[in-house]
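Please open the structure in your viewer and keep the selection tool at hand. The stops below can be taken in order, one selection at a time.

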Amino acid sequence: MADWLAVLDRRARLRARAGLTRHIRSRGADEQVIDLAGNDYLGLSGHPAVTAAAGTALAGYGLGATGSRLVRGSTDLHDALEQALADWLGTAGALLFSSGYLANLAAVRALVTPRTLLVSDAHNHASLIDGCRISGAETVVVAHADPAAVQAALAAAPGRPAVVVTESVFSVDGDLAPLAELHAVARRHGALLLVDEAHALGVLGPSGAGGVVDAGLAGAPDVVVTATLSKALGGA
């Protein structure tokens, strides 16, 4: 135990020396600041209609779901929200997770087999990177937003099932993926296209429905969309 504690202490010192130590700063409910760091892009977390609906739901269902979705935790509110999200995004269906991070882990894992090749953009979010890692599938990281690099990776693995993994609006740089071109390359090779719309909902497309809708790919059978309620929808 002492050895482990020494290792952890050394890591903490190295982080501090490199200026990488981070500290939590708590805020109050009535803090009067201009928020340039939060993800509540549209201010919906404090919208009166949203908070009133949340209060009604709490009064009717209580604070928690009381169990997993499969056992006891699925309610008609979940069903209604999933249907509304599917209708909005133009998908065949939707499934809620407790965070966008978990949705990405689950989506990548669910789409792979032992032979699957994952072709992942170099600027993908950590949740997609972790999803590729825990899936156990071979992952090729390709140049950022480069359909030609995706084409080369897929061409080098003929006949293998493959998933092209990208964000639509990239979380760090804010630039856009060439979704139409990526989809054309993926379809040419019989691959699926997995698009993380976390930063595109409320920003791109008609009614803020995201980059997939904006690119005319909504409802395509070889496109899988993940997203989060924690950004523009204010649900973190």
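What follows is a short tour of a predicted model, from an annotated span through its cores to a pocket.

Begin by selecting residues 32–234, the stretch that an unreviewed UniProt entry annotates as "domain: Aminotransferase class I/classII large". This span is 38% helix and 12% strand, and the C-alpha atoms at its ends lie 18 Å apart.

Next, select Val119, Val150, Leu154, Val164 and Leu193, which have the most contacts inside the largest nonpolar core, a set of 23 residues.

Now centre the view on Leu154 and ask which residues it is in contact with, leaving aside neighbours within four places in sequence. They are Val119, Ala162, Val164, Val185, Ala186, His189 and Ala191.

Move on to Thr226, which lies in strand β5 (residues 223–226). Is Thr226 buried or exposed? Its relative accessible area is 6%, so Thr226 counts as buried, the cut-off being under 20%. Not counting residues up to four places away in sequence, Thr226 touches Ala103, Asn104, Ala107, Leu194, Val195, Asp196, Glu197 and Ala198.

Finish at the second largest pocket, whose volume is about 510 Å³. Select Arg27, Asp35, Gly38, Asp40 and Ser45, which lie nearest its centre among the 16 residues that line this pocket. The lining comprises four nonpolar, seven polar and five charged residues.

Key:
Residues are numbered from 1 along each chain as its sequence is written. This is a predicted model: local features need pLDDT of at least 70, side-chain atom pairs count only at pLDDT 80 or more; totals for chains, interfaces and linings use all residues. Side-chain values use heavy atoms; hydrogens and water are left out. A nonpolar core is a set of buried Ala, Val, Leu, Ile, Met, Phe, Trp, Tyr and Cys residues joined through side-chain atoms within 4.5 Å. Buried means under 20% relative accessible area, exposed over 50%, partly exposed in between (1.4 Å probe, protein chains only). Contact means heavy atoms within 4.5 Å. Helices (H or I, at least four residues) and strands (E, at least two) are DSSP runs, numbered from the N terminus. UniProt positions are given in the numbering used here, feature names are shortened, and annotations may be inferred rather than shown by experiment. On a 1 Å grid over the protein atoms alone, a cavity is a set of points where a 1.4 Å probe fits but cannot get out, and a pocket is an open set with protein on both sides within 12 Å along at least five of seven lines; lining residues have an atom within 4 Å of a point. Grid points are joined across faces, edges and corners, and a volume is the space filled by probe spheres set on the points. Ala, Val, Leu, Ile, Met, Phe, Trp, Tyr, Cys and Pro count as nonpolar, Asp, Glu, Lys and Arg as charged, and the others, Gly among them, as polar.
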